[in-house]
Amino acid sequence: MAKTIVVTSGKGGVGKTTSTAAIGAGLAKRGHKTVVIDFDVGLRNLDLIMGCERRVVFDLINVIQGDAKLKQALVKDRRLDTLSVLPTSQTRDKDALTPEGVEKVLGELKEEFDYIICDSPAGIERGAHLAMYYADEAIVVTNPEVSSVRDSDRVLGLLNSKTWRAEKGDGDPVKAHLLLTRYDTDRVAKGEMMPIDDVLEILAIPLLGIIPESTTVLRASNVGMPVVMDEKSNAGRAYEDAVSRLIGEQIEMRIPPEERPSLLRRFLGRGA
């Protein structure tokens with residue numbers, strides 16, 4: 001059965017779109033038919049990171065408004081035949097997104113794909129709400145900084161109260177995972193970033209992965225390639241591990257050395 005996953009966070013610039021591309025490509029590499037959808041109406045960056053911006057003819061809004069069929073708007077990845085992109089509009093307003101339109105598009109995609117990954121815009125307004133509303137699971141992308149963690153905590157509140165699963169009330173809630181991005185051990189040691197353990201204590205959701213700060217992320221984005229496809233990238237390998245955990249594989253967490261004692265206590269108990 002198809003699964004809809006939103007990649008979300010209240011704060012901008014934390015790596016949601018980079019993470020959407022990496023996770024989508026990681027799932028596709030494993031043979032899962034995957035589509036990534038850009039919900040950031042008016043900005044549209046997912047197609048750039050996926051390297052397909054010149055091939056976009058129709059978009060999500062065209063499909064919702066009946067100007068194009070879904071198959072006309074989907075852009076197939078040239079490197080992975082199990083991966084597709086559904087871009088959004090650069091010129092329309094976010095009000096062009098409607099709950100009915102989003103539900104219809106997701107329903108059609110579920111007939112063809114195993115995973116639907118929704119790239120949420122920053123903030124908690126209409127686009128972000130509709131990106132998460134029909135989600136089965138959520139990947140909450142957070143930097144180890146106070147403002148980012150605080151905004152992610154607010155997003156968790158919305159996932160628990162303002163989604164279809166929450167409003168239905170008789171099913172499982174949206175399953176949330178934490179993806180800690182742009183982690184820099186030197187800055188943590190200097191007190192400029194929060195230790196992982198502190199982030200986990202505040203947000204209290206399972207840790208999906210720790211993505212280190214890396215120049216390979218920017219380099220991959222600049223050439224239109226999900227960083228998970230760069231086999232030499234530490235960040236790419238961390239995303240690979242996160243994808244493995246997302247689909248239920250037991251993968252050991254790559255814990256930075258100075259964080260290891262406290263995190264091991266959390267994972268294994270006080271006797272570790």
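**The listed binding site and its surroundings**

Guide: Under "binding site", an unreviewed UniProt entry lists Lys 11, Gly 12, Gly 13, Val 14, Gly 15, Lys 16, Thr 17 and Thr 18. Of these residues, Thr 17 is included in the lining of the second largest cavity. UniProt positions are given in the numbering used here, feature names are shortened, and annotations may be inferred rather than shown by experiment. A cavity is a set of points, on a 1 Å grid over the protein atoms alone, where a 1.4 Å probe fits but cannot get out; lining residues have an atom within 4 Å of a point.

This is a predicted model, in which local features need pLDDT of at least 70 and side-chain atom pairs count only at pLDDT 80 or more, while totals for chains, interfaces and linings use all residues. Residues are numbered from 1 along each chain as its sequence is written, and side-chain values use heavy atoms, with hydrogens and water left out.

Gly 12 is in the loop between β1 (3–8) and α1 (16–29). Helices (H or I, at least four residues) and strands (E, at least two) are DSSP runs, numbered from the N terminus. Gly 12 counts as partly exposed because its relative accessible area is 35%; buried means under 20%, exposed over 50%, and partly exposed in between (1.4 Å probe, protein chains only).

Thr 17 belongs to helix α1. Apart from neighbours within four places in sequence, Thr 17 is in contact (heavy atoms within 4.5 Å) with Asn 45, Leu 46, Ile 49 and Asp 119.

Asp 40 lies in the loop between β2 (34–38) and α2 (46–49). Its relative accessibility is 15%, so Asp 40 counts as buried. Between Asp 40 and Thr 17 there are 23 residues in sequence and 9.6 Å in space, C-alpha to C-alpha. Not counting residues up to four places away in sequence, Asp 40 touches Thr 88, Ser 89, Lys 94, Asp 119 and Pro 121.

As for helix α1 as a whole, 13 of its 14 residues are buried. Gly 31, which follows α1, has a positive phi, near 95 degrees.

Two packed helices are described by the angle between their axes and the distance between the axes. Helix α12 (residues 234–246) packs with α1 at an angle of about 65 degrees, the axes being 9 Å apart. The contact involves residues including Thr 18 and Ala 22 of α1 and Tyr 239 and Val 243 of α12. Axes are lines fitted to C-alpha atoms, for helices over the stretch in contact, and angles run from 0 to 180 degrees between N-to-C directions.

Technical notes: On a 1 Å grid over the protein atoms alone, a cavity is a set of points where a 1.4 Å probe fits but cannot get out, and a pocket is an open set with protein on both sides within 12 Å along at least five of seven lines; lining residues have an atom within 4 Å of a point.
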